[in-house]
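Visitor: I'm new here and would like a short tour. Could you show me what we're looking at?

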Amino acid sequence: MGQEFEIRFEMPGENSSGRYILNEALYQDLPKFMDQFAAVGRDGLTPESLIEVLRAKKPGKGVYKYVLIDRETSLFHKGEIKIEIQP
């Protein structure tokens, strides 16, 4: 608890062209998620960086739901990452 951790997406050919965008899913229960986790801002982090930095506020389980968008093809992938925080 209290320690920062990163969720990082690595795409083929990296993301130097800003081809991919990472967004929190609109279908996520944001108040419930933010009750358990705090988003941590860092210099240089943008949606194009494909990194989300979080800090656990209390023990338990949470789910980070995301949408990864390909700007060139307009295709997207909805996914989720289950997180378990130990005390």
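Guide: Let's begin with terms: two strands pair if DSSP finds at least two bridges between them. Helices (H or I, at least four residues) and strands (E, at least two) are DSSP runs, numbered from the N terminus. This is a predicted model, where local features need pLDDT of at least 70, side-chain atom pairs count only at pLDDT 80 or more, and totals for chains, interfaces and linings use all residues. Residues are numbered from 1 along each chain as its sequence is written, and side-chain values use heavy atoms, with hydrogens and water left out.

Visitor: In β4, what is the bridge partner of Ile7?

Guide: Look at β1 and β4 (residues 51–56), which pair in the antiparallel sense over 5 bridges. Across from Ile7, the partner in β4 is Glu52.

Visitor: In what order do the 3 strands of the open sheet come?

Guide: The edge strands, each pairing on one side only, are β1 (4–8) and β3 (37–39). The pairing is antiparallel, and the order is β1-β4-β3.

Visitor: Why does Gln36 count as buried?

Guide: Gln36 lies in helix α1 (residues 30–36). Buried means under 20% relative accessible area, exposed over 50%, and partly exposed in between (1.4 Å probe, protein chains only). Gln36 counts as buried because its relative accessibility is 10%.

Visitor: Which backbone oxygen does the side chain of Gln36 reach at 3.2 Å?

Guide: Contact means heavy atoms within 4.5 Å. Leaving aside neighbours within four places in sequence, Gln36 is in contact with residues including Arg55, Lys58 and Pro59. Its side chain reaches the backbone oxygen of Pro59 at 3.5 Å. At 3.2 Å, the Gln36 side chain reaches the backbone oxygen of Lys58.

Conventions. Polar contact = N/O pair within 3.5 Å; in protein donor to acceptor, adjacent residues only side chain to side chain.
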